[in-house]
Structures are given as C-alpha cells and as structure tokens.
Amino acid sequence: MQDEKAGIPIRTVKSFLSKIPSVFSGSDIVQWMMRNLCIEDQVEALHLGTLMAAHGYFFPISDHVLMLKDDGTFYRFQTPYFWPSNCWEPENTDYAVYLCKRTMQNKARLELADYEAESLARLQRAFARKWEFIFMQAEAQAKVDKKRDKIERKILDSQERAFWDVHRPVPGCVNTTEADIKKSSRMKQPHKTRKSVYGIQEDLDDRSVYGLQNDVRSHSPTRPPTPEVKEPTEEELNTQIQRWQVQLDRHRLKMSKVAESLIGYSEQYQEYDPFFTSPEPSNPWISDDSTAWELEASKEPGQQRVRRWAFGISEVLKDPVGREQFLKFLESEFSSENLRFWLAVQELKKRPIKEVPARVQEIWAEFLASGAPSAINVDSKSYAKTTQNIKDPGRYAFEDAQEHIYKLMKSDSYSRFIRSSSYQELLQAKKKVKWNLQRLETDL
C-alpha cells in the first residue's frame, strides 16, 4: 500500500492558508483494495479497511474515530515504529508523558480533549510521587520536537496521537488492543525485552528510573522459534492459586494513610520524648539527675502519666499503677478474671522451663477447665487450640486464648474504664496537684 509506484498515491493538499502533507483519501484506499486484492464487493473492501484503521495502520487526520469512510476524508499512514505488529504494551506512565507534553505545546490542534484532561488529572494523582520525573521526560521530548522541521513535526504529532487513539481510545470506541484472558493464558511466552514508546530498550532486569518502559513480546521472523511451554500440572496450578489468594488477602494501606498515622503518633507522644520535650524537673539523658525516671517508676503517677493511659490499652497494661487501677475497676464490675488470666499468661512466659508444665495446669484449672472458679469466655476456636496445646505444655500454650481475651478487653472493658468516674477523678486530681505546685513555684 505504501509502494511509491504501485501503492496508494500520497499527496500534499492545500487547505485555505495551510498545507496538509502526506495524505490520501478514503476512496483511494477502497479503490486500491478492490484493484489489487481481487475484492469485488465494495462493502467488503470498506470493512477490511476499517479493520486496518481500527488497529492503527492508517488513521483519519480530522478526528479520533478510527474507521474508514469511502469518501474524500483524508487519511495518513502510521509510521512502522508504531505499528501494532510490534506488540506494543504501553503503560500509563507513557500516556502521562504524552499528555503532559501536549499541555506544553501551544497549538490549537494539540489541545487536550475533555476525556484526555480527565485522564491526565487521574494519572497525576496516581503518579504524584514521580510526577516530577514524568514532567522532566515530557519537557525533554517537547524540546526535541521544537528542533524538527514544521511539516515533519506536524506529521509526527498526528502519528503519535493516532497511536494513543488505538491504545487509549475515545470513550465509546472499541479498544482493539485488549487481549482475551483465556487466549492470553494459552499463548506461548517468548523472550521479553523492555521497550519504551519513546525508543529506550533494555532487559527486564534493568529498570528505568522513570518507569516508562513496557513489556514487548517480539515475534520477529529472525528470532528462533520459542520452545513449547509445558502445561502446568494440577498441583502447580493449586500452588499458584494459593499464592495469588495470599496476595489478595494481604492487608494494604495507602502511603498517605500510613504517613498520616505516623504523624499522629509522633505528635501524640512528642511530650513524652525527652529529646523533644524536656521532662521535669530535668532531663536525665543529659544530666546526672535521675528524678524523672524515679517519678516514672513511682506508685504515685503524675498527671502526664495518667493521661497517657488513654492512648491505648497497651499503655495501661505496661504501667504497674495502670494495671492496678484497671484491675480495681474490673473487680468493681465483677469481670477481673479476664485481666488476671492475661497477667498470668504473661508471667508464665517468663518462668523457668521446668516450672512451666505445672503452672500451665494451674492456669487451666483456674480459668479454662470445666467448673473453673474464675472461668473466662473464649471462642470455640481458641478453646480447641488451647486444649490441644496443653497436651504438650509450653510457655505459649495459651497464646490464642490470651489474644482473644486481649481483644475482648480492648473493645469492651478498656473503653468503659477510660470513661469511668474513677479514671476521670484520678485524672482531675493529678491536674489539681500539678496546678497547685505551679502556683506554689510562682509564689516562691
């Protein structure tokens, strides 16, 4: 079709004040097909041409609808570099570079359509962390384009735009590059290379800092044929399914949420870090005065220490005075067995190994055995696992039951303790003591 003598005649057309280079009409294609491909039916020739246009081998220069019309509509051949037979698989980062470059070029014909502007905004949010690299890549390409001849630049712009019309079509148009999943699974897997839309090639192990490379399956006739791929066994397929299932079940968090949580945690504990907030009466890390440490270990907690108990149940449990106050509260509600069981299991983990079996039986008899004096409420799964574990008693025989009781206290008892009058009175009393001390210091 592109042969200089026997192919479709390509010409430059004058249009008002400008020239349209390297174009041909839709009727030229239909007539050439009927004459050279032995097609008698004009509708069949039109259908074949539409299929070729849909795959991007030639494209209309006036709109983005890749179809052939048997009239005077002008078309242009796609450069072989962008042919679909090269098995292009462009990534979103490539599309982001292209759209970003379009915004830098002050031409009415290169203005972004509504759907392209929406795609650019969506890509900018998705690649926010490396948008600077994408912008630099687009800027470099825009500078190279400016050095080209005006006519050459105009042709290349239209060819690049047609390439993305194939791979990122206008909403409502069919994407001819989408591969059927079942067909893909049956395909052979030839050697892969990395090939960027903008001409950078590399092996799979060599990653570009811009992440703008794409997998290309080369089917060049000069390559040796790919050996037959052995069909996976049922066991291999089950293993692969299990591995994918594990990946799907993994808990993932957005980076923004992680950063937000880290900032919140840092701000919450800032006043408890002696390197950020100097403790009273002096910082023991940079002086010989250990009063601050002694106050932390004392049985009379200060207002700052009591306020810290409200950060989470872990803060209450690791503070001896906090545990004592929490236990008193649970005793007032007749549910202290949960905390006593949790503390007993914690103590079991620190025991000498020779004392562990006897202590396991004592904990079982007190909290989990039938008719236990301080029976705790655990779910059937944890109970069954614990029953199995005590047959070979160890330090972690009650791990499942302890975790269940911990979650139960965290979701129920702890929240009631923080809202209780006993905790609020203790917190207010410590505030009052601190206020009186400050007033005394001021008077002195």
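The chat below goes from the whole chain to single residues.

A: Before anything else, this is a predicted model.

Q: Fine. How many helices and strands are in the protein?
A: The protein has 18 helices and seven strands.

Q: And what share of the residues counts as buried?
A: Of its 444 residues, 33% count as buried.

Q: What about contacts between residues 24 or more positions apart?
A: Taking the contacts in the protein with a separation of 6 or more, 58% are between residues 24 or more positions apart.

Q: Let's pick a helix. What should α15 span, and what does the model give?
A: Helix α15 covers residues 356-368, which is 13 residues.

Q: Which residues of α15 are buried?
A: Val356, Arg359, Val360, Ile363, Trp364, Phe367 and Leu368. Looking down the axis of α15, the buried residues fall within an arc of 140°, so they line one face of the helix.

Q: Why would residues three or four places apart point the same way?
A: An α-helix has 3.6 residues a turn, so residues with that spacing point the same way.

Q: What do the buried residues of α15 pack against?
A: They pack against α14 (337-348) and α16 (380-389).

Q: Switching to rings. How many aromatic pairs are there?
A: A search of the whole structure finds 23. One of them is phenylalanine 341 with phenylalanine 367: the ring centres are 5.5 Å apart and the planes are at 65°, so the pair counts as edge-to-face.

Q: Where do those two sit in the chain?
A: Phenylalanine 341 is in helix α14 and phenylalanine 367 in helix α15, 26 residues apart, so to speak of the pair is to speak of a link between distant parts of the chain.

Q: Buried or exposed, those two?
A: Both phenylalanine 341 and phenylalanine 367 are buried.

Q: Which residues form an aromatic cluster?
A: Tyr81, Phe82, Tyr95, Tyr98, Phe163 and Trp164 form one. Over the face of tyrosine 95 lies arginine 168, at 5.6 Å from the ring centre.

Q: What sits over the ring of tyrosine 272?
A: The charged end of arginine 308, 4.8 Å from the ring centre.

Q: Last one: where is serine 25?
A: Serine 25 is in strand β2, residues 18-25. Its relative accessibility is 4%, so serine 25 counts as buried.

Q: What does serine 25 touch?
A: Leaving out residues up to four places away in sequence, serine 25 touches Arg11, Asp71, Gly72, Thr73 and Tyr75. A polar contact of 3.1 Å also joins the side chains of serine 25 and serine 27.

Notes. Residues numbered from 1 in each chain as written. Predicted model: local features only at pLDDT ≥ 70, side-chain atom pairs only at ≥ 80, totals over all residues. Heavy atoms only, no water. Helix = DSSP H or I, 4+ residues; strand = E, 2+ residues; numbered from the N terminus. Buried < 20%, exposed > 50% of the residue type's maximum accessible area, 1.4 Å probe, protein only. Polar contact = N/O pair within 3.5 Å; in protein donor to acceptor, adjacent residues only side chain to side chain. Contact = heavy atoms within 4.5 Å. Expected span 1.5 Å × (residues − 1). Arc of directions from axis to C-beta. Phe/Tyr/Trp six-rings, centres within 6.5 Å; stacked < 30°, edge-to-face > 60°. Lys NZ or Arg CZ within 6 Å of the ring centre and 35° of its normal.
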